[in-house]
Amino acid sequence: MPHFAMVIDLNTCVGCNACMAACAMENQSPVWDVQKWRTYVHDKEIGLGSDVNRRFFPRLCNHCDNPPCMSVCPTGATQKKENGIVFVDQDLCMGCRACAMACPYHARVPVTHADMRKGREFYGSDYHRTSPSMDKCSFCDHRVEEGRKPACVETCVGSARMFGDLDDPEDPVAQMVASGAARPLMPHIGTRPNVYYIDDIRWRS
Amino acid sequence: MEVNMTYATQDIWTWWLAIYLYFGGLGAATLAVTFLTDMYLKPSRDLVIWGAGAGVVLLALGSLMLFGHLLDKVAVLTILNPMAMFNQSTAWIAWGTQFIIWMMVWGVLYALPYVRETEFPKKVPVIKDLIDRPFVIGISKLVNRFHRQVGWLAVVNGVGVAVYTGLLLQSFPAVALWHNPAVPLLFTVSAFSTAMAFLLLLMYTLLHEQADESIRVLYERIDLVLIAGELVVLFSLYMYLKNGSESAVRSLELLWNDYGWMVGFIGFGLIVPFFLELKGVMKGWSTRVPIITASVLVLAGGYMLRHYFMYAGVYAYPW
């Protein structure tokens, strides 16, 4: 069984936001509310005076091996597949938002009845959501099951987003993680995340 | 990974969740205290009816706060099933929901024989018809037979609700203010302290004639100890936050630099009632006004604790 993970190279992210658009269209996110996208790219400035750099920092669900959002979910709507993907069963979710409170990565967003009404207008007859729920990145599990990569990875122009199997020693993603070049966010919290970042700051002059 | 951090409070669970936690703790602890008083100190019909009534009404109002904010209200049926507690054994809301439901059920059953003895319900049309039905009379006789067993089932679930309100917040690992062992302790002690204050208020006002002096004195003493305990837990929490992570330090700055927390909650919600009750216990008061004042302040402080706690939780977001 694979153990899926994502590596994000901050050196090559150009902040084009194509990943956000691809994700939104693939997963029919509420694009009318920027707070409700499954992935987003922070645009931050680092430094002082003339020594300022822009940093683009893509964010998404970290598909933790010890996901606090799943521990606190009272209905069992948040589940984890054997391949490591954490997903939400829309029909089980009552939308108490405990998962959003538990998530240290700010990766949970509410999709309301109002969003569904807009979604039906925006996406037309293809709109597949049947009930409101808390939403999150699913690593595009429907695509992964078909052997394809998540939409954000496939569309990334700078190849900043890479997707692979940590249990496959030949996989470049596994190698980057094993080498320590790619590292997780806030590992001290104990969530054991599966999204890793390659630092850009140390390479800046 | 070298990252910069943004520190932010949340606007997901706000005042309405504070009300849920407050009513949950207050209602459940009031029920537990009155039932224990009835079982082991002195049979107290009025206290039991008030305790069960407060438990059911406050828990219902509190639960409505959470229910009203659910995204999909139909899906709540999933956690009404008692098996949800075992299927989602790490989710405190699943446990809390069951504690709330069963506390209400056993609480109403425990109070039923007393309700049937009381004059007031016989004047209320629907209740009058209900309590005179043969099956209700049968249940009432059964409850009388298993009086303590039913009482303990209600008490255990009531204590469960009070503890749950703290465990719920403790289960969020990203926020240092919430994710520490002091929180369930603080919320449980606060729940019982506010329950004592609520009962003292009742006994000094609406139940003034019927109230037993020895029980009243005992409640005052217990509340005094609980307030002292709460201050000790708060001091421990302060020390933990002061030398903790950045999230902890920022929460501490938010709370201890806020007049609402310092003067409102710690000053008027704990220290002033502590001294009012201390004088009452040591030398007594010639009037009931100081204890009524202390009770009102403790009740207001109980809500302020939960309100400020919700708003002062600081997340650390890397970018």
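In which handedness of crossing does α10(B) pass α13(B)? Let's keep that in mind while we walk through this predicted model, beginning with chain A and then moving to chain B.

In chain A, look for an open sheet of 4 strands, ordered β8-β1-β10-β9 and with mixed pairing. The edges are taken by β8 (161-165) and β9 (182-184) of chain A; each has a single partner strand, so one side of each is left without a neighbour in the sheet. From one strand to the next, the twist averages 35°. To see one of the pairings up close, follow β1 (residues 4-9) of chain A, which runs antiparallel to β8(A) and is joined to that strand by 5 bridges. Here V7(A) stands opposite M162(A) of β8(A). A helix accompanies the sheet: α7 (residues 172-179) of chain A lies across β1, β8, β9 and β10 (195-198) of chain A, and its direction makes an angle of about 95° with β8(A).

Now turn to chain B. An unreviewed UniProt entry places the feature "transmembrane region" at several stretches of this chain, among them residues 91-112 and 150-170. In the model, residues 91-112 of chain B are 95% helix and 0% strand, with end C-alpha atoms 32 Å apart. Residues 150-170 of chain B are 100% helix and 0% strand, and there the end C-alpha atoms lie 30 Å apart.

Further along chain B we reach the helices of the opening question. The axes of α10 (residues 213-242) and α13 (residues 289-312) of chain B come within 13 Å and cross at roughly 30°. Since angles under 35 degrees count as roughly parallel, α10(B) and α13(B) are therefore roughly parallel to each other. The crossing in which α10(B) passes α13(B) is left-handed. On the α10(B) side, E220(B), D223(B), I227(B), E230(B) and L237(B) take part, meeting I291(B), V298(B), L305(B) and F309(B) of α13(B). This contact of α10(B) with α13(B) draws on 6 nonpolar, no polar and 3 charged residues.

Helix α10(B) has another packing partner to explore. With α11 (residues 246-256) of chain B, α10(B) packs at an angle of about 130°, the axes being 7 Å apart. That angle makes α10(B) oblique to α11(B). Here L234(B), Y238(B), L241(B) and K242(B) of α10(B) meet A248(B), V249(B), L252(B) and W256(B) of α11(B). By residue class, the contact of α10(B) with α11(B) divides into 7 nonpolar, no polar and 1 charged.

Terms used:
Residues numbered from 1 in each chain as written. Chains lettered and ligands numbered in written order. Predicted model: local features only at pLDDT ≥ 70, side-chain atom pairs only at ≥ 80, totals over all residues. Heavy atoms only, no water. Pairing = 2+ DSSP bridges. Helix = DSSP H or I, 4+ residues; strand = E, 2+ residues; numbered from the N terminus. Axes fitted to C-alpha atoms, helices over the stretch in contact; angles between N-to-C directions. Contact = heavy atoms within 4.5 Å. UniProt positions renumbered as here; feature names shortened; annotations may be inferred. Parallel < 35°, antiparallel > 145°, perpendicular 65-115°, else oblique. Left-handed = near helix turned anticlockwise from the far one by under 90°. Nonpolar A, V, L, I, M, F, W, Y, C, P; charged D, E, K, R; others polar.
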